[in-house]
Amino acid sequence: MTAGPARQAMLRATLALVLTWALSPILWQALTSVKPDTELVILPPLLPAQPTLAHYTVLFEQHPFNQVLLNSFAVAGLTAFAALALGTLAAFPLARLPIRGKLLILGVVLGCSLFPAIVTVGPLFIIIRALGMRDTWWALIISHTTFALPLTIWVLANFLRDLPEDLYRAARVDGCTPWQGFTRVLLPLCRPGLAAAGILAFLFSWTEFLFALTFTATEAARTVPVAIVLFPGVHEIRWGEIAAASILVTLPVVVLVLIFHRQIVHGLTAGAIKG
Amino acid sequence: MPHVRFDRVEKRYGDKPVIRDLTLTVRDGEFFTLVGPSGCGKSTVLNLVAGLEPVTSGEIYFDDRAVTHLSPKGRDVAMVFQSYALYPHKTVFENLAFPLRVRKRTQAIITHEVRRVAALLGIEGLLVKEPAELSGGERQRVALGRAIIREPAVFLMDEPLSNLDAHLRVRTRSELKRLHARLKTTTLYVTHDQEEALSLSERIAVMKEGSIQQMGSPLEIYRFPANTFVAEFVGSPQINLLSGRLSWDPAPYVELGHVRLALPPVPESPVTVGPQRPPCNVIVGIRPEDIRVLATASPTSDFASVISVEPAGGRSVASLRWGPHEIRALAAGDFQAAPDQTVGIELEAARIHVFDACTGRRLPWDGPLTPRAGS
């Protein structure tokens, strides 16, 4: 295939279109977040005459945004950690040990991830209330982990299965127990898979809205997506602050994906192709 | 060093038998090879010894210690894998050290042992490298080093040379032999390469479909193949197998369709066929090197016509038409003949093998029938 000039131009045009489509809402939010209140609901000008960081300052001064950010980081971080810890323990036997009905187990795991969250939120709410965990991090960590686990298990099981079988066998012959073979040989080789699965779990939890809205009542456990929606005042919608918060909440995601995009792609496609 | 004894070992995957009724003893310090075509169960035998797979029934003993239900850790075996299975995230030093680290040896001992093994194998210069930076031959050495470092009771080697190029393979083969002569560790070696088996082993077991066809020294197996399978599997170029008919007049001879081959008398052999029996169908085996090719037929020789000649340096493989049969014969390296040219051939009568046409079993014309299994 040769890329002629016409073809090149087509490609570039398509790329520009896709990028515009994907990036303009973010750009819009970014612009909104630095516009003074007076310019928020008029167009033109598109670009603010005098960019301001006022909305960002308000976020931290008039709202408990520090606490909300901390909640989000803690919930997403611990969710990722729990999903990895449980996911690797489930994925290793499914990938390596002789177990009856592996496919059935993996199928059920996948089936669990197909439940719409809205179906489970009611029963979960009752359970969480009964356990006295309403409005705590744990309510969110536990519910988020259960939803992130199926994907984590699948990604890690695929990754482990793709490691050469002889490595684990060599470890066993060299004197490892199954657990040592797992932790000393297989796990260090899984780092890309762990990174991919961990980030996916983190992102899921970071952006999750329904559970976070239902299981929290105050700033004690409220996460950023919920906090943003609850910003609006009584008489007006605080567009500037919403935009500023959106940008703040998007930044960690962008940074994470930029750092780990290779692993994410690799982790998700493990098992798809040989070699 | 212990001997390894298999007592009626069976292995099935579901209903599919992989190892049938395996009973054999690998002697103390012996280099024993399992050889056979792929899928004959030879690698499974290694896995059973290592404890990587459970047996379905039967027992495995190291000396008089039953190890059948021990974990690999409890058996004290070391294994070299065909893929080498070096740990990609560890340096060569750490790969070699790993079996010792798992056993919680002190750092001083580990360093000392790694240096010793590296010196023995000539890989001192590679210790800081990672497996990905090594050539195939270097990886093979590291894998070997990792196996010998803790002086295991038994070595298991699963096609350790088959990923090397031909040149390196032959060189490493002789190094392996030297290493075994030095360490004297009981070694169970698996290969599909009959030449490798012949050149390395003290004893060989030829396997087919999960059972041992013949066991013996390389020479025994080559000279007295127990059946047509072993005769065809061992030896290169392959043995000629021709169908014929065994008769007596009263001395035994085989009728090959166009010629009569007189068989040498074997007075002391407990012959299962005899002059009093009716003639029977047999398969006659003649190794290519037991056929001498002459440029012109002599009064004492038979004659054949040339189909093709493949020179191979020191010798040539000649394909000949001999009556109704097509046979391979070894000729001198400078042997030249045009297709359809008539040449003379002489057979080494004492080296002719005769097999029962129905069972494929050897008829004991030219030597003792070696026992099929056990020792």
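This is a predicted model: local features need pLDDT of at least 70, side-chain atom pairs count only at pLDDT 80 or more; totals for chains, interfaces and linings use all residues.
Residues are numbered from 1 along each chain as its sequence is written, chains are lettered from A and ligands numbered from 1 in the order in which they are written, and side-chain values use heavy atoms, with hydrogens and water left out.

Next I looked at the partner ring: Phe202(A) and Trp206(A) form a stacked aromatic pair, 5.5 Å centre to centre with 15° between the planes (rings of Phe, Tyr and Trp, the last by its six-membered ring, pair if their centres lie within 6.5 Å; planes under 30 degrees apart count as stacked, over 60 as edge-to-face and the rest as tilted). Phe202(A) is also buried, at a relative accessible area of 11%. Both residues lie in helix 9 (residues 191-207) of chain A, 4 residues apart, about one turn of the helix (helices are DSSP runs of H or I, at least four residues, and strands are runs of E, at least two, numbered from the N terminus).

I then noted a cluster in which ring pairs link Phe125(A), Phe147(A), Phe204(A), Phe211(A) and Phe215(A).

Last, I checked charges over rings, and found the charged end of Arg5(B) over the ring of Tyr61(B), 4.3 Å from its centre (NZ of Lys or CZ of Arg must be within 6 Å of the ring centre and within 35 degrees of the ring normal). In chain A, Lys35(A) lies over the face of Trp28(A), at 5.7 Å from the ring centre.

Notes. Buried means under 20% relative accessible area, exposed over 50%, partly exposed in between (1.4 Å probe, protein chains only).
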